[in-house]
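This report goes through a single protein chain, from its overall contacts down to individual residues. The sequence and the model come first.

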Amino acid sequence: MQRLNHHHLFVFYTFSKNVSFTKTAFELSIAQSAVTSQVKALEEALNLQLVDRSNPRKPELTDEGKRVVEYAETIFE
């Protein structure tokens with residue numbers, strides 16, 4: 001496993017509160033594509049699917065994603 005990138009984790013954590021790539025991008029003042037790529041990079045680093053993107057208009061956290069959010073809460077709150 002690669003070293004955990006806390007910036008990617010923070011972007012994912014923020015995404016988990018909004019469950020929207022667009023809202024997360026606005027909140028963090030970054031491009032939507034940056035949010036998408038950073039969440040994807042975290043998924044690749046952890047070798048887990050954190051977001052179910054089967055409905056592009058309504059992404060949802062997977063069970064693994066929810067567990068990662070619990071971990072992130074201990075760090076960021």
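## Overall fold

Contacts (heavy atoms within 4.5 Å) between residues 24 or more positions apart make up 49% of the contacts in the protein chain that have a separation of 6 or more. The model is a predicted one: local features need pLDDT of at least 70, side-chain atom pairs count only at pLDDT 80 or more, and totals for chains, interfaces and linings use all residues. Residues are numbered from 1 along each chain as its sequence is written, and side-chain values use heavy atoms, with hydrogens and water left out.

The protein chain has four helices and two strands, arranged from the N terminus as α-α-α-β-β-α. Helices (H or I, at least four residues) and strands (E, at least two) are DSSP runs, numbered from the N terminus.

## Size and surface

The radius of gyration of the protein chain is 11 Å, in agreement with the value near 11 Å for a compact globule of 77 residues. This radius is taken over C-alpha atoms, and the globule rule is 2.2 Å times the number of residues to the power 0.38. Along the principal axes, the C-alpha atoms fill a box of roughly 30 × 25 × 20 Å.

Of the 77 residues, 35% count as buried. Buried means under 20% relative accessible area, exposed over 50%, and partly exposed in between (1.4 Å probe, protein chains only).

## Nonpolar core

A nonpolar core is a set of buried Ala, Val, Leu, Ile, Met, Phe, Trp, Tyr and Cys residues joined through side-chain atoms within 4.5 Å. The largest one has 16 residues, of which Phe-12, Val-39 and Val-51 touch the most other members. Helix 1 (6-18), helix 2 (21-28), helix 3 (32-46) and helix 4 (63-76) each give two or more residues to this core, and helix 1 gives the most, with five.

Beyond its neighbours within four places in sequence, Val-51 is in contact with Phe-12, Phe-15, Phe-21, Val-39, Glu-43, Pro-59, Glu-60, Leu-61 and Thr-62.

## Helix 1

Buried in helix 1 are His-8, Leu-9, Val-11, Phe-12, Tyr-13, Thr-14, Phe-15 and Ser-16. Their cover includes helix 2, helix 3, strand 1 (51-52), strand 2 and helix 4.

His-8 counts as buried because its relative accessibility is 19%. Apart from neighbours within four places in sequence, His-8 is in contact with Gln-38, Ala-41 and Leu-42.

## Helix 4

Helix 4 has buried residues Gly-65, Val-68, Val-69 and Ala-72. They lie on the same side of helix 4, because they cover an arc of only 110° around the axis; the arc is that of the directions from the helix axis to the C-beta atoms. These buried residues pack against helix 1, helix 3 and strand 2 (60-61). On the other side of helix 4, Asp-63, Arg-67, Glu-70 and Thr-74 are exposed.

## A loop residue

Ala-31 lies in the loop between helix 2 and helix 3 and, at 44% relative accessibility, counts as partly exposed. Its C-alpha atom is separated by 26 Å from that of Asp-63, 32 residues away along the chain.
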